[in-house]
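Hi everyone, thanks for coming. Let me put the fold up on the screen and walk you through how its pieces are arranged.

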Amino acid sequence: MNRTAFREIELPSATTTPPIAREIVRDYLMELGRDPEGSALELIASELVTNAVLHADRGTIVVRLSTEGERARIEVEDAGGADRPHIVKGRRPGSGGHGLRIVEELALTWGITVTPASVWAEVAL
């Protein structure tokens, strides 16, 4: 697969948004001819959008999906918050705060953009 596919979707910052983001990723993968079942991209989307809803100032969330060769990239942009996204150290199981740790484990690479506020990750297709 050498084509580039791009999607950009604005979503509300609401607790109902993460399932919508997962559905968007599943549809995107199916359009690419990929099986969305158990997709790392879907789980990463869920974690990043959930973080945006929980930690960013209210407003819209922008989800960008793209492919380049055999990689898919997701970027979740939000209005920013008081703290820069970071991996929480020393959390006990079940206490929350594991989203970026999950992203780090599943992604080939990931990062943070300060302006505009976004977190992105790339996975193998």
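I'll start with the sheet and then move to the helices. This is a predicted model, where local features need pLDDT of at least 70, side-chain atom pairs count only at pLDDT 80 or more, and totals for chains, interfaces and linings use all residues. Residues are numbered from 1 along each chain as its sequence is written, and side-chain values use heavy atoms, leaving out hydrogens and water.

So, the sheet: it is open, with five strands in the order β1-β2-β3-β5-β4 and antiparallel pairing. Strands here are DSSP runs of E with at least two residues, helices are runs of H or I with at least four, and both are numbered from the N terminus; two strands pair if DSSP finds at least two bridges between them. β1 (6-12) and β4 (109-113) are the edges, each with a single partner strand, so one side of each has no neighbour in the sheet. From one strand to the next, the twist averages 15°, with angles running from 0 to 180 degrees between N-to-C directions of axes fitted to C-alpha atoms, for helices over the stretch in contact.

Now, the helices. α1 (residues 17-31) packs on the sheet and touches β1, β2 (60-68) and β3 (71-77); contact means heavy atoms within 4.5 Å. α2 (residues 40-55) also packs there, touching β2, β3 and β5.

And how do α1 and α2 meet each other? They pack at about 150°, with axes 8 Å apart. Among the residues in this contact are Ala21 and Val25 from α1, and Ala45 and Val49 from α2. Thanks, friends!
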